[in-house]
Amino acid sequence: DLSHNTQITAAEWRSFSACLKCPNVKIEELYLCGNNITDEELTYLAHSLKTNDTLTTLNLDTISSITGAGWAPFSHLLCNKSSIDDISN
């Protein structure tokens with residue numbers, strides 16, 4: 001649970017996102033509520049989750065700084081038919 005860790009820097013969020021791409025990372029739940037995540041960091045996170053097949057819960061509640069630009073990569077993940085097939089199987 002990384003919620004309310006407002007001291008995490010943009011560079012640290014990018015490094016964390018890069019770790020999620022690693023095939024040996026088996027994280028199932030990720031709670032990032034109340035952090036200072038911007039559109040840029042959220043984009044990195046979305047791109048790294050394209051290759052993560054173990055995450056089942058992602059909570060980004062109460063992050064008011066995110067705009068449509070930050071959410072757009074997630075909509076691509078959710079609307080990708082192959083991702084949906086992977087989720088339902």
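## Exercises on N36 and its chain

The backbone oxygen of T6 is 3.1 Å from a polar side-chain atom of N36. The model is predicted: local features need pLDDT of at least 70, side-chain atom pairs count only at pLDDT 80 or more, and totals for chains, interfaces and linings use all residues. Residues are numbered from 1 along each chain as its sequence is written, and side-chain values use heavy atoms, with hydrogens and water left out.

**Exercise 1.** Place N36 in the chain and state which residues N36 is in contact with, leaving aside neighbours within four places in sequence.

*Solution.* 
- Step 1: N36 sits in the loop that runs from strand 1 (29-31) to helix 2 (39-49); helices (H or I, at least four residues) and strands (E, at least two) are DSSP runs, numbered from the N terminus.
- Step 2: Contact means heavy atoms within 4.5 Å. With the neighbours within four places set aside, N36 is in contact with T6 and E41.
- Step 3: W13, 23 residues from N36 in sequence, has its C-alpha 9.8 Å from that of N36.

**Exercise 2.** Is N36 buried, partly exposed or exposed?

*Solution.* 
- Step 1: Buried means under 20% relative accessible area, exposed over 50%, and partly exposed in between (1.4 Å probe, protein chains only).
- Step 2: N36 has 48% relative accessibility, so N36 counts as partly exposed.
- Step 3: For the chain, 30% of the 89 residues count as buried.

Terms used. Polar contact = N/O pair within 3.5 Å; in protein donor to acceptor, adjacent residues only side chain to side chain.
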